[in-house]
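Biologist: Can you walk me through this one? I'd like to start with the backbone and then move on to the packing.

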Amino acid sequence: MVPKKIAILGDGNGAHMMAADFALKGHQVSMYIYQEREEVRKLMQTKTIEIDGIIKTSVKLHDVSCEIDKVIDGADYICIVTPAFVHAYYGNLLKGKVKKNQVIVSFPGAFAALQIKSIFGDDPECPVFADVNNLPYDTRLCGPAKVNLFGRNAVNIAFLPANAGEGLIDVMREDLFPFEKVYKDVLECGLSIVNPAWHTGPCLLSVTAIELPTTNFFVYEHGWTPSACKLNIVLDKERKAVGEALGYKLRPMEDFSGMPDNFTWQQLYAAGHGAISLTPICGPNSIYDRYLTEDAPFGLVPWTAIAQIVGVPMSMTNSCIDIYNVIHETDWREKGLTAKDLGIAGMNKEQLMKYVLTGEK
């Protein structure tokens, strides 16, 4: 492996762990912090991240900065490691600053490639985008500049335009992660994001427990119930029907948890409740946690937008969006990730498939 320059955009759980991981691999890693504040002051001063959990070590980064131009200058990969609700922020931040030979990779993608390309518009320096279907880690910050690694996840990838992937995948597997699967395109990847159909059941059916100020809620210990698993399976089947209409065989839940095709709620329950890498994860303890405010507007909503283009009904998914709208007092179909945001409004199925393959409308 030839060491590369990698920019990490984000300063949360996943961003800390990925910056440390890539530095341990020998890459030159710079990390972008959107705002200097108390939680990241130690990291900015020491440029060192301590890892606890299944590995115990510390690693020094090349740079940690609030200056985006400095962080991305000469970077081979620009990795956006953030919740989906800030993808638009980073798209606007990067617009006009990225070179054609750089690659923007989003973890997890959640249709980030489509959204950011739409923001970039007809920029002649538009790079190749890549969406990854999940974070490669089960991880949580456990102090300033300190991250706890509970486990690692296998991850898959897609490219926009899809026809650029063949020339990039081998070196990216060597540089970044051993991506198990290359999706046909970013639509297949976005429909394969595990979280919206993984979190919705336990969060929506446990919303009163999440709101209790006297309860420290653990989603896999308290919320991962048989009924929650049954709801998750229905959501999963609906998005698989959309995938089938587009020619994909989606297996997001199976890939994430090692379950067989046509898994039962009992198998799903066993995959979550008691899983050694999941049960220690605390939260959510607010209905405004990203488990709810990310998975609904940036997962379920774009799934239904794509479903509408291909003519597939998603009655349960839409019902869950309706409930999220009520508890958040927000119209997520309006404020979430819409077909317009993705740059696919007004397209038919054939136009959509051409766009994700070639990047051209």
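Biologist: Where is Lys47 found?
Modeller: This is a predicted model, to begin with. Lys47 is in the loop between helix H2 (38–46) and strand S3 (48–53).

Biologist: What is its phi?
Modeller: Lys47 has a positive phi of about 55°, and it is not a glycine. Most residues other than glycine have a negative phi.

Biologist: Is Lys47 buried, exposed or partly exposed?
Modeller: Lys47 is partly exposed, at 23% relative accessibility.

Biologist: And Glu329, what about its phi?
Modeller: The phi of Glu329 is positive too, near 50°. Glu329 sits in the loop between H16 and helix H17 (332–335). Its relative accessible area is 70%, so Glu329 counts as exposed.

Biologist: Now peptide bonds. Which kind joins Phe107 and Pro108, cis or trans?
Modeller: Cis, with omega at about -20°. Pro108 is in the loop between S7 and helix H5 (112–120). Most peptide bonds are trans.

Biologist: What about the bond from Leu160 to Pro161, cis or trans?
Modeller: That bond is cis, and its omega is near 0°. Pro161 belongs to the loop between S11 and H6.

Biologist: Where does Leu168 lie?
Modeller: Leu168 is in the loop between strand S11 (157–160) and H6. Leaving aside neighbours within four places in sequence, Leu168 contacts Val103, Val128 and Phe159.

Biologist: How far apart are Leu168 and Phe217 in space?
Modeller: They are 42 Å apart, C-alpha to C-alpha. In sequence, Leu168 and Phe217 are separated by 49 residues.

Biologist: Back to S7. Is Ser106 buried or exposed?
Modeller: Ser106 is buried, at 2% relative accessibility. Ser106 lies in strand S7 (residues 103–107).

Biologist: What does Ser106 touch?
Modeller: Not counting residues up to four places away in sequence, Ser106 touches Ile80, Ala112, Ile116, Ala130, Asp131 and Val132.

Biologist: On to rings. How many aromatic pairs are there?
Modeller: The count is 10 aromatic pairs. One of them is Phe22 with Phe177.

Biologist: Which residues are in the ring cluster?
Modeller: Ring pairs link Phe22, Phe107, Tyr137, Phe177 and Phe179 into a cluster.

Biologist: And Trp198 with Phe256, what geometry does that pair have?
Modeller: Trp198 and Phe256 are edge-to-face, 4.9 Å centre to centre, with 80° between the planes. Trp198 is in helix H8 (residues 195–204) and Phe256 in helix H12 (residues 252–257). This pair links distant parts of the chain, 58 residues apart.

Biologist: How many residues of H8 are buried?
Modeller: 10 of the 10, so H8 is largely enclosed by the rest of the structure. Among them are Asn195, His199 and Leu204.

Biologist: Which charges sit over rings?
Modeller: The charged end of Lys230 sits over the ring of Trp265, 5.1 Å from its centre. Lys361 lies over the face of Tyr355, 5.4 Å from the ring centre.

Biologist: Last topic. At what angle do H15 and H16 pack?
Modeller: Helix H15 (residues 296–310) and helix H16 (residues 315–328) pack at about 145°, with axes 10 Å apart. The crossing is left-handed.

Biologist: Which residues make the contact?
Modeller: H15 gives Ala296, Leu300, Val301 and Thr304. From H16 come Thr317, Asn318, Cys320, Ile321 and Tyr324. The contact has 6 nonpolar residues, 3 polar and no charged.

How values were computed:
Residues are numbered from 1 along each chain as its sequence is written. This is a predicted model: local features need pLDDT of at least 70, side-chain atom pairs count only at pLDDT 80 or more; totals for chains, interfaces and linings use all residues. Side-chain values use heavy atoms; hydrogens and water are left out. Rings of Phe, Tyr and Trp (its six-membered ring) pair if their centres lie within 6.5 Å; planes under 30 degrees apart count as stacked, over 60 as edge-to-face and the rest as tilted. Helices (H or I, at least four residues) and strands (E, at least two) are DSSP runs, numbered from the N terminus. A charge sits over a ring if NZ of Lys or CZ of Arg is within 6 Å of the ring centre and within 35 degrees of the ring normal. Buried means under 20% relative accessible area, exposed over 50%, partly exposed in between (1.4 Å probe, protein chains only). Contact means heavy atoms within 4.5 Å. Axes are lines fitted to C-alpha atoms, for helices over the stretch in contact, and angles run from 0 to 180 degrees between N-to-C directions. A crossing is left-handed if the near helix is turned anticlockwise from the far one by less than a right angle, and right-handed if clockwise. Ala, Val, Leu, Ile, Met, Phe, Trp, Tyr, Cys and Pro count as nonpolar, Asp, Glu, Lys and Arg as charged, and the others, Gly among them, as polar.
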